[in-house]
Amino acid sequence: MLATSGSPSIEGIRKLSVADIAITADLAYELRDRFREHVHLDPYCLPDPFADKDDYTYFVVLDRDNLNRVVAMFANKKDSLPQLPWSAILGERLAKVSISKQDALALKRELMPKETNNFYPYRRNGRIVGYVMFAFQMCGLR
């Protein structure tokens with residue numbers, strides 16, 4: 001379970017209201033637009049990046065007003081971590097929080113119970129360097 005300070009909890013996510021979900025979706029659209037200024041975001045989704053042996057680092061983007069509002073989840077390839085201007089991408093409202101693979105998978109299963117093809121690949125210099133899932137993709141809370 002997501003237990004680190006500043007991270008969302010599964011219990012907290014289950015208590016989100018419809019208004020909270022609408023807020024996260026709106027913030028996710030804004031984040032996507034700013035993110036696209038720095039990377040190429042593919043227009044299709046690929047299988048989820050949670051293989052037994054993978055080389056990803058995981059983090060979530062949260063709403064600072066309510067840390068249970070997950071705006072996006074990222075999986076970046078360790079060997080090609082893009083140097084992005086995160087302060088410009090996130091602005092003052094959003095926070096970037098690193099999480100473990102297990103916590104990322106638990107959170108993904110809660111927010112997006114659909115089994116696969118939930119993550120958009122993004123590229124720098126033509127190479128896929130990571131994957132992102134946005135809040136506006138949520139297909140329901142368990």
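**Notebook: sheet, core and salt bridges**

I began with the strands and found an open sheet of 6 strands in the order E1-E5-E6-E3-E2-E4, with antiparallel pairing. E1 and E4 stand at the edges, each with a single partner strand, so one side of each has no neighbour in the sheet. I note here that I am reading a predicted model.

I then looked at one pairing in detail, and saw that E3 and E6 are joined in the antiparallel sense over 5 bridges. Within this pairing I looked up Ala72, whose bridge partner in E6 is Phe134.

Next I turned to the helices that lie on the sheet. H2 lies across E1, E2, E3, E4, E5 and E6, and I noted that H2 runs at about 35° to E3. H4 also packs on the sheet, where H4 touches E2, E3, E4 and E6, and the direction of H4 makes about 120° with that of E3.

I went on to the largest nonpolar core, which has 45 residues, and asked which of them touch the most other members. These are Leu31, Phe35, Val61, Phe74, Val132 and Phe134. The elements giving two or more residues to this core are H2, E2, strand E3 (66-77), H3, E4, helix H4 (101-111), E5 and strand E6 (127-134). I took Phe35 as an example and listed its contacts, leaving aside residues up to four places away in sequence: Phe35 touches Leu41, Phe74, Leu84, Trp86, Ile89, Tyr122 and Val132.

I looked at Arg32 separately, which has its place in helix H2 (residues 18-35). Is Arg32 buried or exposed? Arg32 counts as buried because its relative accessibility is 19%, and the cut-off for buried is under 20%. Apart from residues up to four places away in sequence, Arg32 touches Leu41, Phe134 and Phe136. The side chain of Arg32 also meets that of Asp33 in a salt bridge, with 3.8 Å from N to O, and Asp33 counts as partly exposed at 41% relative accessibility.

I then went through the salt bridges, for which the count comes to 8. As background I wrote down that side chains of opposite charge can pair when their charged atoms come close.

One of the salt bridges joins Arg123 and Asp42, with the closest N and O atoms 3.0 Å apart. Arg123 lies in strand E5 (residues 120-124) and Asp42 in the loop between strand E1 (40-41) and strand E2 (56-63), so this pair ties together parts that are 81 residues apart in sequence. When I checked the accessibility of both partners, I found Asp42 buried, with a relative accessible area of 4%, whereas Arg123 counts as partly exposed at 23% relative accessibility.

Another salt bridge is formed by Arg93 with Asp63, and here I read 2.7 Å between the closest N and O atoms. Arg93 lies in the loop between helix H3 (86-90) and strand E4 (94-99), and Asp63 lies in strand E2, so the pair ties together parts that are 30 residues apart in sequence. Asp63 counts as buried at 0% relative accessibility, while Arg93 is partly exposed, with a relative accessible area of 32%.

My last entry concerns the surroundings of this pair: which residues are linked with Asp63 and Arg93 in a network of salt bridges? I found that Asp20, Asp65 and Arg69 are linked with them in that network.

Key. Residues numbered from 1 in each chain as written. Predicted model: local features only at pLDDT ≥ 70, side-chain atom pairs only at ≥ 80, totals over all residues. Heavy atoms only, no water. Salt bridge = Lys/Arg side-chain N within 4 Å of Asp/Glu carboxyl O. Buried < 20%, exposed > 50% of the residue type's maximum accessible area, 1.4 Å probe, protein only. Helix = DSSP H or I, 4+ residues; strand = E, 2+ residues; numbered from the N terminus. Contact = heavy atoms within 4.5 Å. Core = buried A, V, L, I, M, F, W, Y, C linked by side-chain atoms within 4.5 Å. Pairing = 2+ DSSP bridges. Axes fitted to C-alpha atoms, helices over the stretch in contact; angles between N-to-C directions.
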